[in-house]
Amino acid sequence: MAEIGATIAAIATAIIPEQGSVGIVRLSGAKAVAIAQTLFHAPGDQPWESHRILYGYVQIPQTRQVVDEALLLLMFAPRSYTRENVVEFHCHGGIMAVQQVLQLCLEQGARLAQPGEFTLRAFLNGRLDLTQAESISDLVGARSPQAAQTALAGLQGKLAHPIRQLRTTCLDLLAEVEARIDFEEDLPPINELEIQAQLENLLADVTQILATADRGELLRSGLKVAIVGRPNVGKSSLLNAWSRSDRAIVTDLPGTTRDVVESQLVVGGIPIQVLDTAGIRDTDDRVEKIGVERSRAVAQAADLILLAIDAQVGWTTDDQEIYQPVQHRPLILLANKIDLVATGAIAALNCPPEITRIVKTAAALNQGIDDLETAILEVAHAGGLQAANLDLAINQRQAAALTRAKVALEQVQATIAAQLPLDFWTIDLRSAIQALGEIIGEDVTESVLDRIFSRFCLGK
């Protein structure tokens with residue numbers, strides 16, 4: 001873990017040449033204000049007070065050469081994000097201005113911040129618990145409004161609150177058991193039925209929170225959907241119609257798509273990574289053969305397969321060969337070019353009977369897209385990926401700790417049922433308390449913190 005006492009600095013905004021209008025350099029630590037006073041000239045009688053914005057110029061101290069015209073935001077401890085003195089230089093966007101300001105801050109004694117170090121300090125200084133810190137990372141990386149809403153709920157403590165309640169209940173149970181061990185002669189016998197009832201309630205609450213893990217992973221990473229099929233069945237047309245763009249080249253020639261084409265969409269609040277693959281067929285073309293192999297690999301790695309066929313032709317032996325390796329994966333059959341089929345003829349697709357999700361599309365006419373999105377959401381529901389509680393969506397680390405807590409509580413039940421001494425009860429109760437504490441940061445190791453905050457972006 002990095003030295004916490006040092007004053008740190010970093011660029012806190014994404015820097016895109018000729019596109020960003022404002023770039024922010026952030027400092028946090030005991031020397032932050034002194035560094036700002038050395039570098040920033042605020043004309044007139046502007047007061048250097050907390051939660052003030054000063055107007056002026058960033059200058060090279062030795063020469064007084066102006067580096068940028070900027071605003072300076074002052075936030076004194078403890079009323080800041082990190083609960084340390086924090087200053088921000090709001091510079092003109094682009095590369096040169098913010099990089100020069102950052103370099104000047106480093107020359108004045110600041111250290112370049114590590115990824116997530118500002119938020120790490122907010123956690124270590126008690127402003128945030130660990131679930132809130134992780135929610136900030138989720139909010140920054142949110143790929144849909146629903147993902148942002150869930151992250152914001154976590155930032156507001158809606159995950160930490162029930163975890164703290166569970167931990168408090170476990171602590172109360174432990175205290176009651178230990179009191180019977182230490183003062184057995186002075187207290188009445190422990191009420192096993194009451195303890196069992198409390199354990200049942202704890203396990204029910206833990207199970208309910210654990211059920212949001214799949215949904216949390218879905219909101220964070222999205223659903224990877226691969227469009228596969230024979231050449232010239234309309235896969236690229238479908239991608240263009242779905243994404244409302246011309247991401248893929250569409251012609252009447254089979255084998256036009258030689259590589260995987262990707263588009264990012266949001267369906268029902270779920271981020272969707274759509275992958276249009278090369279038409280799968282036997283070919284002597286070396287480049288096309290590479291594309292076919294990539295298509296097969298993408299299909300194996302996808303969360304959901306969209307198998308496109310030509311509704312004019314129906315199910316073919318080539319479609320069966322494509323279907324065979326992915327038949328046990330979540331799959332939706334797309335009967336495309338339905339606009340070219342006579343009314344009633346669609347019933348003669350002759351696809352395998354186990355394929356029950358069939359969507360009729362006419363990609364060239366933008367028809368069937370709504371039905372496709374409905375079918376995708378049905379797959380998500382069937383997989384338990386849509387939890388009703390939008391305020392809770394735990395991540396993998398939290399799910400692992402919560403699973404350990406669940407196992408420990410179940411072991412307490414088994415210990416009671418086996419009529420083992422009270423000392424054995426305390427072992428697993430302590431394990432449950434420790435696991436719950438890891439979730440909110442009450443009992444967490446330095447290596448865990450390093451792993452969590454290393455995934456943050458710089459300047460956050």
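Buried means under 20% relative accessible area, exposed means over 50%, and partly exposed lies in between, with a 1.4 Å probe and protein chains only. R64 has 51% relative accessibility, so R64 counts as exposed.

This is a predicted model: local features need pLDDT of at least 70, side-chain atom pairs count only at pLDDT 80 or more, and totals for chains, interfaces and linings use all residues. Residues are numbered from 1 along each chain as its sequence is written, and side-chain values use heavy atoms, with hydrogens and water left out.

Start with the whole chain. The protein has 15 helices and 13 strands. These are DSSP runs numbered from the N terminus: helices are H or I with at least four residues, strands are E with at least two. Of the 460 residues, 48% count as buried. Contact means heavy atoms within 4.5 Å. Take the contacts between residues at least 6 apart in sequence: 69% of them join residues at least 24 apart.

Now the backbone. Most residues other than glycine have a negative phi, and most peptide bonds are trans. R64 has a positive phi, near 65°. This residue is in the loop between β4 (52-59) and β5. The next loop to visit runs between β5 (66-75) and β6 (86-92), and P78 is found there. A cis peptide bond joins A77 and P78, with omega about 0°. R83 lies in the loop between β5 and β6. Its phi is positive as well, near 65°. With 40% relative accessibility, R83 counts as partly exposed.

Helix α2 comes next. It covers residues 96-107, which is 12 residues, and at 1.5 Å a residue it should span 16 Å. The expected span is 1.5 Å times one less than the number of residues. The end C-alpha atoms of α2 are 16 Å apart, which agrees. Which residues of α2 are buried? They are A97, V98, V101, L102, L104 and C105. Seen down the axis of α2, they fall within an arc of 160°, so they line one face of the helix. The arc is that of the directions from the helix axis to the C-beta atoms. On the other side of α2, M96 and E107 are exposed. G109 follows α2, and the phi of G109 is positive, near 115°.

Then look at a helix pair. Helix α4 (residues 130-140) and helix α15 (residues 446-453) have axes that come within 11 Å and cross at roughly 20°. That makes α4 roughly parallel to α15. Axes are lines fitted to C-alpha atoms, for helices over the stretch in contact, and angles run from 0 to 180 degrees between N-to-C directions. Angles under 35 degrees count as roughly parallel, over 145 as roughly antiparallel, 65 to 115 as roughly perpendicular and the rest as oblique. L130, A133 and E134 of α4 make the contact with L449, I452 and F453 of α15. These residues divide into 5 nonpolar, no polar and 1 charged. Here Ala, Val, Leu, Ile, Met, Phe, Trp, Tyr, Cys and Pro count as nonpolar, Asp, Glu, Lys and Arg as charged, and the others, Gly among them, as polar.

Stay with E134, in helix α4. Is E134 buried or exposed? At 5% relative accessibility, E134 counts as buried. Leaving aside neighbours within four places in sequence, E134 is in contact with N395, R397, Q398, I452 and F456.

End at V341, in the loop between β12 (331-336) and β13 (358-360). V341 is buried, with a relative accessible area of 16%. V313 is 28 residues from V341 along the chain, and their C-alpha atoms are separated by 9.2 Å.
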